[in-house]
Amino acid sequence: MKILVLNGPNLNMLGIREPDIYGKSTYADLCRLIREHCDSKGICVTFKQSNHEGDLVDYIQQAYFEKVDGIVINPGAYTHTSVALLDALKAVCIPTVEVHISDVDSRENFRQISYVSKIAVKTIKGHGFDGYIEAIDHLYSDRVYN
Ligand code: DQA
């Protein structure tokens with residue numbers, strides 16, 4: 001099974017950005033945690049991060065041609081603005097789980113809208129880095145049991 005973990009803008013700044021909200025661990029720590037989990041399940045995982053909307057669209061399209069089975073996406077601030085990401089996910093028809101480290105529901109009003117939620121098979125909010133692990137497990141069990 002092949003999974004793409006895609007992170008959007010400012011997630012490369014984990015550990016530096018607003019640690020009271022996002023924690024003190026870094027993006028490298030996040031990737032290590034996910035890789036260890038995927039290794040234990042025999043899942044082949046790839047990581048991509050970009051601060052640019054078009055790059056994220058390109059990575060989603062690439063996932064189609066590389067026959068990726070599932071996408072875990074934290075679109076960062078593009079969650080709340082990007083029809084382009086929604087359209088890209090609709091185009092590739094790859095099961096996608098949306099993850100937010102923070103509990104966006106209890107934050108500012110402008111974080112209450114998610115375009116990606118309209119296509120995501122599941123959205124996980126406010127579980128910190130563990131949300132990514134839950135997302136992977138969701139895609140994995142969907143694949144194994146269906
Ligand atoms: C985020 C929440 C977004 O509102 C914010 O713009 C981010 C990170 C999260 O992981 O909690 O960059 O997606």
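The expected span of a helix is 1.5 Å times one less than its number of residues. Helices (H or I, at least four residues) and strands (E, at least two) are DSSP runs, numbered from the N terminus. The model is predicted: local features need pLDDT of at least 70, side-chain atom pairs count only at pLDDT 80 or more, and totals for chains, interfaces and linings use all residues. Residues are numbered from 1 along each chain as its sequence is written, and side-chain values use heavy atoms, without hydrogens and water.

Helix α3 has 13 residues and should therefore span 18 Å; its end C-alpha atoms lie 19 Å apart, which agrees. L56, V57, I60 and A63 of α3 are buried (under 20% relative accessible area, with exposed over 50% and partly exposed in between; 1.4 Å probe, protein chains only). These residues cover an arc of only 115° around the axis, so they sit on the same side of α3. The arc is taken from the directions from the helix axis to the C-beta atoms. An α-helix has 3.6 residues a turn, so residues three or four places apart point the same way. The buried residues of α3 pack against β1 (2–7), β3 and α4, where contact means heavy atoms within 4.5 Å. Just after α3, K67 has a positive phi of about 55°.

Helix α4 covers residues 83–92. Its buried residues are L85, L86, A88, L89 and V92. They cover an arc of only 160° around the axis, which puts them on the same side of α4. Their cover includes α3 (53–65), β3 (70–74) and β4 (96–100). C93 follows α4, and its phi is positive, near 50°.
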